[in-house]
Amino acid sequence: MSKFKRDYIITMDDIVREGEPILRVVTEPVSVPPTEEDREEMAAMLQFLKNSQDPELSKKYKLRAGVGLSANQIGLNKRMFAALLSDSEGEDRPIAMFNPKIISHSQAMTYLPESEGCLSVDRPVQGFVPRYEKVQIKAMDEDGNEVKLRFKGFDAIVMQHELDHLNGIMFYDHINKEQPFKLPDGVPISSLY
């Protein structure tokens with residue numbers, strides 16, 4: 001039985017840190033439709049993201065702000081992740097992805113000028129992380145229905161970062177080892193900000 005129930009408060013102590021083998025595993029697909037346990041775990045993950053972005057709750061529970069959390073970051077070998085994005089009006093846009101897969105992407109790429117961060121990485125990492133500017137993802141919602149969603153810009157970066165986790169890939173694996181601030185050649189690429 002998983003401890004991650006809907007009302008469980010995930011804290012930074014629950015977040016698996018780099019070096020742990022689970023972060024390098026290609027995660028196992030969840031059943032269709034997701035089990036009640038899967039849905040409870042997803043609810044706890046989404047609540048963590050909401051708490052982490054709330055100034056009072058993040059201080060109370062000593063949370064680092066996060067926009068995405070994959071199941072293996074809390075030690076679960078499951079192909080699912082949660083994201084808490086903002087829509088054009090600044091309202092919360094919770095995303096729950098079960099068995100997600102990129103089905104198309106732009107040729108154009110983008111990157112965050114200050115690099116990416118990760119709840120599982122406690123150190124600053126320098127370097128550009130090239131990502132597709134736009135992605136379309138096919139996944140399953142919590143009722144087992146297939147959904148196809150499009151993301152661009154920052155939201156697309158978040159999706160690719162979390163999908164990488166489910167494939168055992170860390171964001172810094174994309175940074176050029178010899179020249180961390182070198183961008184890929186022959187591809188249209190521009191900074192997000």
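A: In this predicted model, P21 belongs to the segment that comes before α1, the helix of residues 36-53. P21 counts as exposed because its relative accessibility is 60%, where exposed means over 50%. Although 51 residues separate P21 from N72 along the chain, their C-alpha atoms lie 9.8 Å apart.

Strand β6 covers residues 134-140 and strand β7 covers residues 146-152; the two pair in the antiparallel sense over seven bridges. Within this pairing, Q136 has R150 of β7 as its bridge partner. Five residues lie between the strands of this hairpin, and there G144 adopts a positive phi near 90°.

Helix α3 itself runs over residues 154-166 and so contains 13 residues. From the first C-alpha to the last, α3 reaches 19 Å, close to the 18 Å expected at 1.5 Å a residue. As 12 of its 13 residues are buried, α3 is largely enclosed by the rest of the structure. Just after the helix, G168 takes a positive phi of about 75°.

The pockets bring α3 into contact with other parts of the chain. The largest pocket holds about 330 Å³ of space, and α3 gives the most to its lining, with five residues. Of the 18 lining residues, those nearest the centre of this pocket are G66, V67, G117, C118 and H161. By class, nine of the residues lining the largest pocket are nonpolar, five polar and four charged.

The second largest pocket has a volume of about 200 Å³. It is lined by 13 residues, and I102, R131, Y132, Q160 and D164 are the closest to its centre. Here α3 supplies at least two residues of the lining, as do β3 (92-105) and β5 (131-132). The lining of the second largest pocket comprises six nonpolar, three polar and four charged residues.

Note on methods:
Residues numbered from 1 in each chain as written. Predicted model: local features only at pLDDT ≥ 70, side-chain atom pairs only at ≥ 80, totals over all residues. Heavy atoms only, no water. Helix = DSSP H or I, 4+ residues; strand = E, 2+ residues; numbered from the N terminus. Expected span 1.5 Å × (residues − 1). Buried < 20%, exposed > 50% of the residue type's maximum accessible area, 1.4 Å probe, protein only. Pairing = 2+ DSSP bridges. 1 Å grid on protein atoms, 1.4 Å probe; cavity = no way out; pocket = protein on both sides within 12 Å on 5 of 7 lines; lining within 4 Å. Points joined across faces, edges and corners; volume = space filled by probe spheres on them. Nonpolar A, V, L, I, M, F, W, Y, C, P; charged D, E, K, R; others polar.
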